[in-house]
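Let's take a friendly walk through this model together. Please have the sequence and the coordinates open as you read.

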Amino acid sequence: MLTVIWGETAVICRRFVPLNVDADMYVCGPLFVAFLLSAPGVLGNMYGVEYSLTEICAPAGSAVDIPCTYTYPTKDRVKKAFWFTKWEEGKDPEDLFQSEDYRDRAEYRGNKEHDCTLRIKNLRDTDHGLKYRFRFITDDPVGKYAGKEVTLHMTGPLKVDKRELNQRVTLTCTSTCPPNFRPTYIWYRNRQPVGAKYTTSGNTLVINMVKKYADSGHYSCALRGHEDHLSPPVCVSHCWSVTYTHQEICAVEGSSVDITCYYSYPSGYAVTTPLWVSSLGSGERMDFSVKNTYGNHVEYLGNKNNDCSLRIKELSVNHKGKYYFRFETSDTTGTWNGKPDVSLSVAGFLVNMDHDKVKEGESVTLTCSTTCTLSDPPSYIWYKNSHPIADSQTSMEYLYLTPVRIDDSGSYSCAVRGHEDHPSPVRTLSVRYAPRNMSASPSFSGHILEGSSVTLTCSSDANPPATYTWFKVKRGQTFPMGSGQQLNISNISSEFSGQFYCRAENSAGTNDSEPFLVDVHYGPKNTSASITPSGNIVEGDSVTLTCSSDANPPVHNYTWYKINRVNTSLGSEQNLSFTNISSGDMGQYYCEVANTVASSYSAVLHVNVYYSPRNTEVIISSSGEGSLVTLTCNTDSNPPVHTYSWYRKNSSGSVLTATGNSSSFTVVSDGDIYYCVAHNEYGSHNSFEIEVTSTAIIHQTGMPAGLFAALGIIPAVAIIVVLVFVCRRGKRISTTENRSTMVDNRQPEDPSPVYEQVSAVLLTSDQEDRVDSQGDQEVSGGDRVVSGEDQEVSGGDRVDSGGDENDVQYASVQFKVKNKDAAQDSPAVQPQEKKEEEEDVTYALVKFRSPSREVIQDEDDTAIYSNVNKPRS
């Protein structure tokens, strides 16, 4: 191919070699392109349309191909490609295939890539001079391009002129094509190409020496590319012959087919009987004369001169077979059989696919094939699911699906246009595609209670059908949960809470659904109470109790309780805080939590508050042997005292007498003053000082020594003990200022002390007269005033020793409180029945009424009070 560039016009010249001519000849035509660039690779980025021929000449009734290619930038995608002949200014050109005139004649043999070849069949004289153009439109808004023109010329019937000179015959084939159009001619003898036996040049054939049998026959010519349209034959020499246009004919069932036939005979003969003989598929031999038709389907179109054509209408498989023509003349020897036969086949259609299972985005080509090659190329029509495909580019035997879309799946068939009632069997195309339109959902909306059953369902659109796998995402980790389109979970637990999604997979790909939440609601569990700080807690520290629980939805209500604080809520927050904790806060705590599902209790949390010793006192007890006295150091501390130190005080100061872990110390009643110091890990505390001497106690109380003789030994001892106690109280008051400076870490005393033990003697008749007649006496002590129910005070008569209240001693005082609301432990601890419970109570004020003489006489002389219980504060 030779390309000549002229301005913006490229002329393409294709080389061909005429027979018997040494020089190369070229057929040229213009090619118009948008841009002409010489750089390599530019053709991939430009728009252009190229025709191999811009002038075409063809005979009427034939078909012609207009070869065409086009280019466009690789980034573009062709949306539409079509041919047109009319384009009015200001309007879009009319698609050739939308014209009724070309509906059954035009066939687009190209594609939407680069081939734009057009075929026009059944050419008419009215097609002469028409100019055809190709146009394509891409997805780029400016990506539109139309090629230049291809002119179609129609030639009249070809004609063979014969000139004879002696034994030389010259045959010339003539047409009405334009002078500048130089077609190539093909010669035939008795419908068979002559090959290289004779000399041909351009449109002439020369037989230099005609031989009777070797050269005799009918000669005709045709244009190359239109070999089916021969010129009428010309007889050379003796012409007994029958010539068929086609020896092999394939036609569509239901169509009409012509068996074109010519015959010749020498001059001087007259044809009397022309007839056709057929050997059908059944083996039956049939004769068809000019006066006879077979079932109204066979018609003789010839004459008694030289045309012997036969037409078979409404072709069926019964017409399949071999046919030949026979004619008889007036001379008994003038009979001729047109052998060999013409073979007639009835075409059946099949749809072939290069792939019947393709993946979305791939390409597939469907071919409408026949069981035999059709003699006259037909126009095809394609069907999908029994409906014609509305596409002008389907009139060819190929159907291109590029790229394949999902909706291309279906059953395809084809037929010849005009014979749609004889379609091919269907062929199914299956387009595989990865799962799409994924959806996953539970069988409930909102949340679900623990213990319920739930079904998760996954669906997708996929071909082939997908398999499903379930996953759960929790705390950033993914866990496989099972397979199948449905995931059934019975007796669901809180462990199943999380984001769920499903995965669909087939041979074409994989896809995941959007995740959705499975929210399992459950009552509080693993409820616990904890304390901060976690180490030892010392009185005065800031302490926080925290209640924790696992619950969904979260806990909305917290309640704190302390054991033995019946029906009393200490707080309703998650944290219970003590900014300055005291020993009174020591005890067992638990919390109750609740959400919308249920409630729960924590285990008991023991809060232990450590503090240094306090309320340290020395208790005197006589061993009853001589002058030995046992001193016991009592104190309140947590943890317990680990060391007791005893000090004796003399004129030179305090002397450490004993130390150790024993709280008792035995001394001789020699008039010395003693006190003890209690130590634990958090500090120490001093007791009051006490003088250990029997005579000193007696002298302090003002009692004469002869009193022992008057009262007796046992009463006298009791009086002495009482007097010692009174002296000790007086001593406490007188030494208050000194006690604060004796030891640096001693604790301040309670301004209203309540005694842990009070000793007393039984009143005598003489002492009764000394009972204060002024009424009730008040004993102060403690920090708490008991109100509400009456309190019982048992035993005890006041001894008036000079009118000083501090000198009043009681043999025993015991307080009992009847508490009707006994503590009921919470469910978290252990339920107990309600019962009366004794409780140590510190009283702010207690009045004692002096008993009458009769009451004293009635009481047991030994039922003197022995203890005063003092609660720890």
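## Nonpolar cores

The largest nonpolar core has 29 residues; a core here is a set of buried Ala, Val, Leu, Ile, Met, Phe, Trp, Tyr and Cys residues joined through side-chain atoms within 4.5 Å. Buried means under 20% relative accessible area, exposed means over 50%, and partly exposed is in between, using a 1.4 Å probe and protein chains only. Within that core, Tyr-70, Trp-83, Tyr-132, Phe-134 and Phe-136 have the most contacts. A second, separate core holds 26 residues, including Tyr-265, Trp-276, Val-277 and Phe-327.

Please keep in mind that this is a predicted model, in which local features need pLDDT of at least 70, side-chain atom pairs count only at pLDDT 80 or more, and totals for chains, interfaces and linings use all residues. Residues are numbered from 1 along each chain as its sequence is written, and side-chain values use heavy atoms, with hydrogens and water left out.

## A buried aspartate

Now let's visit Asp-76, which sits in the loop between β7 (68-71) and β8 (78-84). Strands are DSSP runs of E with at least two residues, and helices are runs of H or I with at least four, numbered from the N terminus. Asp-76 counts as buried, at 7% relative accessibility.

What does the side chain of Asp-76 make a polar contact with? Its partner is the side chain of Tyr-47, at 2.5 Å. A polar contact is a pair of N or O atoms within 3.5 Å; within protein, one must be able to donate a hydrogen and the other to accept it, and residues adjacent in sequence count only if both atoms are side-chain atoms. Setting aside neighbours within four places in sequence, Asp-76 is in contact (heavy atoms within 4.5 Å) with Tyr-47, Thr-138, Asp-139 and Asp-140.

## An open sheet

Next comes an open sheet of 4 strands, ordered β41-β49-β51-β53, with mixed pairing. Strands β41 (448-449) and β53 (575-578) stand at the edges with a single partner strand each, so one side of each is left without a neighbour in the sheet. Two strands pair if DSSP finds at least two bridges between them.

Strands β49 (residues 520-532) and β51 (residues 543-552) run antiparallel and are joined by 7 bridges. Tyr-522, for instance, has Asn-552 in β51 as its bridge partner.

## Disulfides

How many disulfides does the structure hold? There are 9, a disulfide being a pair of cysteine sulfur atoms within 2.5 Å. One of them joins Cys-173 and Cys-221, with sulfur atoms 1.9 Å apart. Cys-173 lies in strand β15 (residues 168-174) and Cys-221 in strand β20 (residues 217-223), so this pair ties together parts that are 48 residues apart in sequence. The S-S torsion of Cys-173 and Cys-221 is about 65°, so the disulfide is right-handed. Cys-173 is buried at 0% relative accessible area, and Cys-221 is buried at 0% too.

Another disulfide links Cys-458 to Cys-502, S to S 1.9 Å. Cys-458 belongs to strand β42 (residues 454-463) and Cys-502 to strand β46 (residues 498-506), so the bond connects parts that are 44 residues apart in sequence. A torsion of about 60° makes the disulfide of Cys-458 and Cys-502 right-handed. In Cys-547 and Cys-591, the sulfur atoms are 2.0 Å apart. Cys-547 lies in strand β51 and Cys-591 in strand β54 (residues 587-594), so the pair ties together parts that are 44 residues apart in sequence.
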